[in-house]
Amino acid sequence: GLSWDDENYYLVGYDSDAEQIKHYRVDKMLHIKLSNESRDGKEHFKKLDMADYALSYGSPENLRYISQDMQTPQQVALALSRDPMTANYANPDLVSYEIASAIVLKDGRAIQFLRPENYTNQQFTALAQLALIQSPDVLKYIRPKFQTKEVIAVAVRKDYRCFKQIPVQQRTAEMMIYFLFVDPRIGEFVPVMLLKDEVFRKKASLITNSWERYAALPEISATN
């Protein structure tokens, strides 16, 4: 039969010499002719699932052509193992914690396509940390509920600049004190209203890593 993949047609047939099913790109085939010989491989084709075959030998993005309610766990696992970003097309209910762990380790951006409700809070927190190890920039894809200090710290230790993704309203005094200990350059992101708060400044003055110079507010040094 014919299969469509990556804007090309492929002829799927049985190779009697190799005793296996193979595919051939139609536009590159030459000297095609009809034959009176009987075809082999009938039993092989009876067992063949064309969707599985397309995901195995074609583009893993073929998963998008299979409606989510028709996808099987095997198909989802196969596509995601080849390209984690195909999680965008996968039925999220078929992405187990084990599969999710593997794909975010391979490409942290896949975290944006996972459904937190399908995992325990502890599991999704672990997935978020794994994703951030690969790419701290994916912090923007993680829901605020899971942006705990421990999760954010993973990203900050990879690249402190990703902290700017945290909305100002979430940057509480407790959070800022915690992250100033983690990296003094976080001083760059301390909200002005906290820098003017005497209680905060008193607690922050106990941090001796010179974070103030990153805050770039001379009045702090003068006050302290």
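**Notebook: a look inside the model**

I began with H7, where I found Met175, Met176, Ile177, Phe179 and Leu180 buried. Buried is under 20% relative accessible area, exposed is over 50%, and partly exposed is in between (1.4 Å probe, protein chains only). Helices are DSSP runs (H or I, at least four residues), numbered from the N terminus.

A note on the source: this is a predicted model, where local features need pLDDT of at least 70 and side-chain atom pairs count only at pLDDT 80 or more, while totals for chains, interfaces and linings use all residues. Residues are numbered from 1 along each chain as its sequence is written, and side-chain values use heavy atoms, with hydrogens and water left out.

Next I asked what the buried residues of H7 pack against. They sit against H6, H8 and H9. I also checked Ile186: skipping neighbours within four places in sequence, it is in contact (heavy atoms within 4.5 Å) with Val156, Tyr160, Phe163, Met176, Phe179 and Leu180. Two of those, Met176 and Phe179, are on my list of buried H7 residues.

Ile186 came up again in the largest nonpolar core, which has 50 residues. Such a core is a set of buried Ala, Val, Leu, Ile, Met, Phe, Trp, Tyr and Cys residues joined through side-chain atoms within 4.5 Å. Leu80, Val95, Ile111, Leu114, Phe163, Ile186 and Phe200 touch the most other members. Helices H3 (73-82), H4 (97-106), H5 (121-134), H6 (149-158), H7 (173-182), H8 (192-195) and H9 (198-204) each give at least two residues to this core. H6 has the largest share, with six residues.

Then I turned to H4, whose buried residues are Ile99, Ala100, Ser101, Ile103 and Val104. H3 and H5 are among the things covering them.

On to the charges: I counted eight salt bridges in the structure, each a side-chain nitrogen of Lys or Arg within 4 Å of a carboxyl oxygen of Asp or Glu. Arg115 and Asp93 form one of them, at 3.2 Å from N to O. This pair links distant parts of the chain, 22 residues apart: Arg115 is in the loop between H4 and H5, Asp93 in the loop between H3 and H4. Arg115 is partly exposed, at 35% relative accessibility. I also noted Asp159 with Arg161, whose closest N and O atoms are 2.9 Å apart. Asp159 is partly exposed at 22%, and Arg161 is too, at 47%.

Last, I checked pLDDT, the predictor's confidence in each residue, from 0 to 100. The chain averages 86, and 86% of the residues score at least 70. Over residues 220-224 it stays under 50, and I found five contacts there beyond four places in sequence.
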